[in-house]
Structure formats: structure tokens, C-alpha cells
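Please open the structure in your viewer and keep the selection tool at hand. The tour below goes from one selection to the next.

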Amino acid sequence: DNIRVKEIRIKINNEDWEIASGTESWSKPLYLTYSENIIYVQALDSNDNASPVVSRNINYISRNIGYY
């Protein structure tokens with residue numbers, strides 16, 4: 001349907017869902033853990049219909065580990 005997007009929900013790994021800023025263009029600061037992270041995103045329209053959840057795996061590696 002053509003109902004407008006009310007909010008974008010995002011979560012990382014097993015954390016709780018949080019609301020991103022914006023709907024057409026959106027953002028959300030995330031705190032990745034070292035190694036593999038899974039980011040989940042879902043949209044809700046103004047009737048609270050949820051889109052399918054989309055996920056992406058991100059492997060976070062810091063080049064500064066072990067250097068002080």
C-alpha cells in the first residue's frame with residue numbers, strides 16, 4: 001500500500017529495538033562490538049504495519065587493538 005512510513009526501527013545483535021532519526025533518509029548511531037555484529041532494520045507505517053526485517057552482518061575490526 002501507499003501509507004507513509006511512521007518510523008524506522010533498528011537494533012544491533014540482541015539489543016532492544018530503537019527508533020532511528022528520519023523516515024525517508026534515516027540514521028542511528030550504533031556501538032559495534034569487536035568482531036561480528038548483526039544489524040536489523042524494520043519500517044512501520046502509520047497503521048503500524050511492519051515491513052519484513054532486513055539484516056546485515058558487519059565484522060568490526062579495530063586496527064588499534066593491543067596498542068596503548
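Predicted model: local features only at pLDDT ≥ 70, side-chain atom pairs only at ≥ 80, totals over all residues.

**Stop 1: the core**

Select I8, I10, I12, A20, I39, V41 and A43. These seven residues make up the largest nonpolar core. Two strands, β1 and β3, each supply at least two residues of this core. To find the strands, select residues 5-12 for β1 and residues 35-45 for β3.

Now keep V41 and show what surrounds it. Leaving aside residues up to four places away in sequence, V41 touches I8, R9, I10, W17, W26, P52, V53 and V54. Of these, I8 and I10 are also listed as members of the core.

**Stop 2: two salt bridges**

How many salt bridges does the structure hold? There are two. In general, side chains of opposite charge can pair when their charged atoms come close.

For one of them, select D48 and K6. Their side chains meet in a salt bridge, with 2.3 Å from N to O. This pair links distant parts of the chain: D48 is in the loop between β3 and β4, K6 is in strand β1, and 42 residues separate them. D48 counts as partly exposed because its relative accessible area, 46%, lies between the limits of 20% and 50%. K6 is also partly exposed, at 36% relative accessibility.

Next select K28 and E18. The side chains of K28 and E18 meet in a salt bridge too, at 2.8 Å from N to O. Here K28 sits in the loop between β2 and β3, while E18 belongs to strand β2, 10 residues apart. K28 has a relative accessible area of 26% and is partly exposed. E18, at 41%, is likewise partly exposed.

**Stop 3**

Then select N13. N13 is not a glycine either, yet its phi is positive, about 50 degrees. Look for N13 in the loop between β1 and β2. With a relative accessible area of 22%, N13 is partly exposed.

**Stop 4**

L32 counts as partly exposed, with 30% relative accessibility.

**Stop 4: a serine after the last stop's strand**

Select S62, in the segment after β4. Is S62 buried or exposed? S62 is buried, because its relative accessible area of 18% is under the 20% limit.

S62 and S35 are 27 residues apart in sequence, and the distance between their C-alpha atoms is 9.0 Å.

Key: Residues numbered from 1 in each chain as written. Heavy atoms only, no water. Helix = DSSP H or I, 4+ residues; strand = E, 2+ residues; numbered from the N terminus. Buried < 20%, exposed > 50% of the residue type's maximum accessible area, 1.4 Å probe, protein only. Core = buried A, V, L, I, M, F, W, Y, C linked by side-chain atoms within 4.5 Å. Contact = heavy atoms within 4.5 Å. Salt bridge = Lys/Arg side-chain N within 4 Å of Asp/Glu carboxyl O.
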